[in-house]
Amino acid sequence: MKNRLTKNYIYNLIYNSLNVIVPIITVPYVTRIILPAQMGVFSTAMSIFTVIVIVARFGVLTYGTRAIAMVHDEKDILLDKFRRIFSTQVATTITFLIPAFIFSLVLTGASQLGWIYAVNALVILNATVDISWFYNGLEEFRITISRNIFVKVIAVALIFLLVKTKDDIVLYALIYIVSAFIGNLSMFFGIKRFAGTLRIFSFKWIKLSVIKEAVPYMVPIILSMVFAETSRYFIYSFSGQAMTGIYDQALKVVRMLIILTSALITVVAPRISKFVAANNLDAMKSYFVKVFTILAFQTILIFSGIIVVGNDFVSFFFGEEYAAVAPLLQILAVYPFIFMLEQSLLSLILRPLGNTKAMLKSILISLSVNIVLNAALVPLLGVTGGILSLLIASLLHAAIQALIARTYIRWNQIIKNTIFMAVAAGATTVALMFVKKQISFGSIEDFFVFGTLCVVLYSSIVLILSKDIRMFLLQYIRNITDRIRNKKTGDR
């Protein structure tokens, strides 16, 4: 069991590292060609259709993973579940696809704007053939990852070859959408091995009961998406397309940095569902402490890194058109930890327990606060107001979830470990900012030199201060190295 989890995390680590590397390669190129206003339109269209996709899929990404994980070892039930969920997913997404594509052109006109929206509407088609939830439930993350790496590399090559002027924004969107579609489609090549058959779709397997079971998982997801996009909509309305593009790029940097955090949560979630299915809550609680410690270690390090080298990163990563990203990134430095707190409580406690009412309650309260804050702060502070609203509302969301899940979490140990890491991050940040004022090498050099020092100094302080964290991290690293060593031995 431990070997599989470690193996899955390694696969996710590789793939999500690629997800970090690819934007580092492409974003400096794209942002020097495509203007902030155009990126704002693209991001807004993508966010709108992402919400529509969630509705079209009726929450199957979360529901499907949990449903498959809980019948993992019962082959007949597993196949029946997969067929019913997949067939219903195909029916609902196709129902949404055609009107969404037509309305995009009708409402916005057959202009560049209209085609940006029309191309983004095709994400619904991507959702039709997305069966990642099946492999995630089986803890076979290798399938989804290996199939997508090649496609992602091809997409990067196409961006450099084909996107040459600001008028290529539609082509850029098309490359983005089509590459994702091919990646999803490629997952069907291994389906017979795990499902036992290629007969996975039939009209007779389309079941309203599947939608009824999944919808309670869909509503919190939709509200969470609306929650995440609220600031963008207010900024777009009050500050225009260009500032929306600046906001999107600042968030993009932060979300690149939390990809590894998301990877670990994704890998662990099916295992937590198994503990819940076996009614082994003690194992779930112990597991959560270990996972949270590793997640906190990562996200607190990110906070320190953004403060120390965030401005240097922006100066060489983006062009002059995006200089306004730098101060926003400093404010967003706390977002990775808040995001981790939100997602770990949601994905590793509330969802596995099937506590949909609690999820709905927490997101409704925080969404209401988010809307009120944006309405009050964005007209006064612009983009900064939108970011502050996002941070405050996200922290409230995490706090409500923590209150609901309090009986399933060993908070004493978690708080103690987090304090150690926060002290280490504070000491690291102060020391490196002082040194940086005395010695400066230039933006690119500063980024790599002080970024490396930040990782080394923070990690050293944490490992010296806390025996528990040292034990968790060393065990975590040992599991990964053992797995790699065993794989090399097997290859020989």
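User: Before we get going, what counts as a salt bridge here?
Analyst: A side-chain nitrogen of Lys or Arg within 4 Å of a carboxyl oxygen of Asp or Glu. Keep in mind that this is a predicted model.

User: Got it. How many salt bridges does the structure hold?
Analyst: Five. One of them joins the side chains of Asp130 and Arg57, at 3.2 Å from N to O.

User: Where do Asp130 and Arg57 lie?
Analyst: Both are in loops: Asp130 between H6 (123-128) and H7 (132-137), Arg57 between H2 and H3.

User: Which residues are linked in a network of salt bridges?
Analyst: Glu229, Arg232 and Asp248. Arg232 meets Glu229 at 1.7 Å, N to O, and Asp248 at 2.4 Å, again N to O.

User: How are Glu229 and Arg232 placed in H11?
Analyst: They sit three residues apart in that helix (residues 208-257), so about one helical turn separates them.

User: What about burial in that trio?
Analyst: Glu229 is buried at 6% relative accessibility, Arg232 is buried at 6%, and Asp248 is buried with a relative accessible area of 5%.

User: Which loop holds Asn279, and what's its phi?
Analyst: Asn279 is in the loop between H12 (259-277) and H13 (281-317). Its phi is positive as well, about 60°, and Asn279 is not a glycine either. Asn279 is exposed, with a relative accessible area of 60%.

User: Okay, helix packing. How do H16 and H17 cross?
Analyst: The axes of H16 (residues 356-381) and H17 (residues 383-404) come within 8 Å and cross at roughly 160°. That angle makes H16 roughly antiparallel to H17, since over 145 degrees counts as such. The crossing is right-handed.

User: What are the residues in that contact like?
Analyst: They split into 16 nonpolar and 10 polar, with no charged ones.

User: Last one: how far does H9 reach?
Analyst: H9 (residues 169-186) has 18 residues and runs 26 Å from its first C-alpha to its last, close to the 26 Å expected at 1.5 Å a residue. Its buried residues include Ile169, Tyr172, Gly183 and Ser186.

Conventions
Residues numbered from 1 in each chain as written. Predicted model: local features only at pLDDT ≥ 70, side-chain atom pairs only at ≥ 80, totals over all residues. Heavy atoms only, no water. Helix = DSSP H or I, 4+ residues; strand = E, 2+ residues; numbered from the N terminus. Expected span 1.5 Å × (residues − 1). Buried < 20%, exposed > 50% of the residue type's maximum accessible area, 1.4 Å probe, protein only. Axes fitted to C-alpha atoms, helices over the stretch in contact; angles between N-to-C directions. Parallel < 35°, antiparallel > 145°, perpendicular 65-115°, else oblique. Left-handed = near helix turned anticlockwise from the far one by under 90°. Nonpolar A, V, L, I, M, F, W, Y, C, P; charged D, E, K, R; others polar.
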